[in-house]
Amino acid sequence: MAPKTTRPGKAEFSIDEFFAEIEKAEDLQANKPLYAERMKNKRALDRAEAAEKEAAQPKTALEKRRTTKSSHDTATGMSAKTAKTKINSVDRVDFDGFGEAPQAGFGHVPSAATRSAQTEKPMTAREISRIAAADPEAQAKIREALDVSVKKNKAKKGESLENATTVGITATVKALEQIILHGRKEVEGSSPWVPHRPERPEKLEGGKPFKLVTDYEPRGDQPTAIGELVEGISNGETDQVLLGVTGSGKTFTVAQTIMRTQRPALILAPNKTLAAQLYGEFKHFFPENAVEYFVSYYDYYQPEAYVPRTDTYIEKESTINEQIDRMRHSATRALMERDDVIIVASVSCIYGIGSVEGYSAMIIDVHQGESIDQREMLQKLVALQYKRNEQAFTRGTFRVRGDTVEIFPSHYEDAAWRVSLFGNQVEKIVEFDPLTGKTVGERKFIRIYANSHHVTPRATTTGAIKLIRQELAGRLQELNGAGRFLEAQRLEQRTLFDLEMMEATGSCAGIENYSRYFSGRRPGEPPPTLFEYLPDNALVFVDESHVTIGQLGAMYRGDLRRKATLAEYGFRLPSCMDNRPLRFEEWNAMRPQSVYVSATPGSWEMEQAGGVFAEQVIRPTGLIDPPVEIRPATHQVDDVIDEIRQTINKGYRTLCTVLTKKMAEDLTEYMHEQGIRVRYMHSDVDTIERIEIIRDLRLGAFDVLVGINLLREGLDIPECGLVAILDADKEGFLRSETSLIQTIGRAARNVDGRVILYADKETGSMERALAETTRRREKQIAYNVANGITPQSVKARINDIVDSVYEQDHVTISIGKGKDGKEKVVTGDNLATVIKDLEREMREAATNLEFEKAARLRDEVKRLREMELDTLSGEVD
């Protein structure tokens, strides 16, 4: 017990009184309006008062934006604080020497207010915006113009807006909308539009004939189809259709047509995978001729864009594949130098590249024995975008050692040139291996092409800069006249930076946005594309035309809308919209004689050909189209699992198509729980992984592949014994007549192949697809009976994943032997895992001082990292 002296005394008030005081304080606090609440009430009253004023006197959209928040700048309507992106920042500090570029000539600002009494410097965009905000007369003019714009743009449907005064939305976008709705009169008008056909330099390696190297002879329908196509081309027919079923040898027919006509060809494929497959096949058919590959060289591409709703600017970001870039240069060079050229391209070939005139003008011809100044030669190489690098000698670089200049051409991968000078005279030209330095041979003459398709002569660049400045001045006048000062300031800073880079280096980031001035085209004219590089006698073969033609028509509009937004908000000049893909009618007017190849030709191709087509239904192997069975969809999953088990017991694979990604993943998981080896494949799966999946399916790593729309054109899987199409009666794109016929064709390479459609009713697409399949089966059976042919399954070689199309003309580097004593072969592994294992072995070899082995492994790792595309199937045994 505590001492008495330490005990607390009697409380001055009781516990009950204490709680009573607390309750009283809480009541007072509850009845007292807090600061936040007072402010909230005040804001509500302010909003109500503002709404009454607005109802009494309507305001324009710009005025509404200016009065949204007190922290917004009165001139621009933007936040005075730091914006979401650095480029949108408004509140900047000017330091001496770092101020904005001078501007002058903005007629909408009163002359008395354009200069201050203290300074005679030209006004900047920000100063103009401040003066305009403070000057009542200038504000009145802007508001009047905006009112007129709003009234005109809100005109009822059907009224003519031809004479509308546009301020908020400029005439640029209005003109673009007219182009989209009504087309270009140069192309679709009464007078035919004539494509640009530039002159080309004299070819150094012309006159070589096409030589088809193969053991095959045309069989089945092939002789008839080849004869009809060659006859049509000889008669000058501009459009022909080859209806060839899956596995009928359409590629061989095209190769025979090229050989018999002896004309260069462009083969369009709908995607990189099919383009790689065609490239490998034509490389095999024409080993002595120039078979080239021209697809988009981006591994990753995020285009420049702006989202006005969220004020978000997205910078352009891309990763260029050096191998594909080299092959693009090799393709354009082959068109300039040779007659025996076959180019396999994707739809990206309708996008703009450098003009033929600029590309052919920017070449350096070096002859043995001629006089040439070394410094002048180096300056020309720099103008061709070659970089001097004494250490890393890679493609597109050069180095100087005394009187010797070594050049690594942009179109070569394993060869470089050494030019030896004696004074100012070319003494010797040697071709050598840049890796080992070993001399390959001597040359009397070399022609060096530019390291970029967008390179132009200096005189053209100087003229283009003047024209860009003129457009910039006019556009700034337009934006400032509309009161869009932020956009004007942004456009001025970005464009002047690009112009300074061009003046200093001859190029800049995003130089393709100014391509109209470098190519000399007028506004609205199509950009230079690969089709201008094609000779007049070229042929175009459109593979899987029912897909490719649709892609050609779809490229233009999306690109146009994105560029229009960038131009409208001051990120680019309006001329950037002329750096675009071809419109469909422009491509149609520019293409030479064309042959559309497909198992299911589209309506446009058939209309162009007048409904006439060359048919190739009979397969050289005697295979017939698979039988098709319709079953009810009520218990489709259980039924298909039973069929899959039977197919697995026969040693075959199964393809199963569904309607959605979620359904594909769920069905895969369910089948896995049932003990079936299964995988799925849809658009979220990377290209390389798709190739690995298909290869693993053929090797037997798993038995069932579930997909949506990727199990259609171009898949060569002879091991496939069953194709199951779930929900076949859900009419739409995925279950259209074309989709069904293409999917059914995946089972046509196996003599035991069959197809099951799960449907509760027979749709029109199903009826038409079954009728066409039945017609083809009857024709094929009749031919086999008449000629005594026994159908045989196709046997196609299964390529290794490291057999890239880039490496088919090189020796594959040995990576050592496994535990079984055989050469290591990568079969169906994940590519990243393989590279990781090889790097581990490389480090172990270096630790053990086995430097030659480590070097081989290092080269193999480098090759695997650079690889992107692989051939899915090889030649038929």
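Residues are numbered from 1 along each chain as its sequence is written, and side-chain values use heavy atoms, with hydrogens and water left out. Because the model is predicted, local features need pLDDT of at least 70 and side-chain atom pairs count only at pLDDT 80 or more, while totals for chains, interfaces and linings use all residues.

**Overall make-up**

The protein chain contains 27 helices and 25 strands; helices (H or I, at least four residues) and strands (E, at least two) are DSSP runs, numbered from the N terminus. Of its 877 residues, 50% count as buried. Buried means under 20% relative accessible area, exposed over 50%, and partly exposed in between, with a 1.4 Å probe and protein chains only. Among contacts (heavy atoms within 4.5 Å) between residues at least 6 apart in sequence, 75% join residues at least 24 apart.

**Salt bridges**

The whole structure holds 48 salt bridges. A salt bridge is a side-chain nitrogen of Lys or Arg within 4 Å of a carboxyl oxygen of Asp or Glu. Three of them are set out here.

| Salt bridge | N to O distance |
|---|---|
| Arg-447 and Glu-337 | 3.3 Å |
| Asp-578 and Arg-516 | 2.7 Å |
| Arg-562 and Asp-559 | 3.1 Å |

In the salt bridge between Arg-447 and Glu-337, distant parts of the chain are linked: Arg-447 is in strand β16 (residues 445-448) and Glu-337 in helix α11 (residues 322-337), 110 residues apart. Both Arg-447 and Glu-337 are buried.

Asp-578 and Arg-516 are both buried.

The salt bridge between Arg-562 and Asp-559 lies within helix α18, where the two residues are three apart, about one turn of the helix. An α-helix has 3.6 residues a turn, so residues three or four places apart point the same way. Asp-559 counts as buried, at 9% relative accessibility. Elsewhere, salt bridges that share partners join Glu-615, Glu-772, Arg-775, Arg-776 and Lys-779 into one network.

**Cavities**

There are five cavities of 30 Å³ or more in the structure. On a 1 Å grid over the protein atoms alone, a cavity is a set of points where a 1.4 Å probe fits but cannot get out, and lining residues have an atom within 4 Å of a point. Grid points are joined across faces, edges and corners, and a volume is the space filled by probe spheres set on the points.

The largest cavity has a volume of about 110 Å³. It is lined by 14 residues, and those closest to its centre are Gly-354, His-454, Thr-456, Ser-515 and Phe-518. Helix α16 gives the most to this lining, with three residues. The lining of the largest cavity divides into five nonpolar, eight polar and one charged residue. Here Ala, Val, Leu, Ile, Met, Phe, Trp, Tyr, Cys and Pro count as nonpolar, Asp, Glu, Lys and Arg as charged, and the others, Gly among them, as polar.

The volume of the second largest cavity is about 70 Å³. Its lining residues include Val-245, Thr-246, Ala-599, Arg-619, Asp-625, Ile-741, Gln-742, Ile-744 and Arg-776. The elements that give two or more residues to this lining are α24 (737-744) and α25 (764-787), and α24 gives the most, with three. By class, the lining of the second largest cavity has four nonpolar, four polar and three charged residues.

Six of the eight residues of α24 are buried, so this helix is largely enclosed by the rest of the structure. The buried residues in α24 are Ser-739, Leu-740, Ile-741, Gln-742, Thr-743 and Ile-744.

**Cysteines and Glu-487**

How many disulfides does a search of the whole structure find? The search finds zero disulfides, a disulfide being a pair of cysteine sulfur atoms within 2.5 Å. Cys-349 is buried, with a relative accessible area of 1%, and Cys-656 is buried with 0%.

Glu-487 is in helix α15 (residues 485-505). At 10% relative accessibility, Glu-487 counts as buried. Apart from neighbours within four places in sequence, Glu-487 is in contact with Leu-479, Glu-568, Tyr-569 and Gly-570.

Terms used. On a 1 Å grid over the protein atoms alone, a cavity is a set of points where a 1.4 Å probe fits but cannot get out, and a pocket is an open set with protein on both sides within 12 Å along at least five of seven lines; lining residues have an atom within 4 Å of a point.
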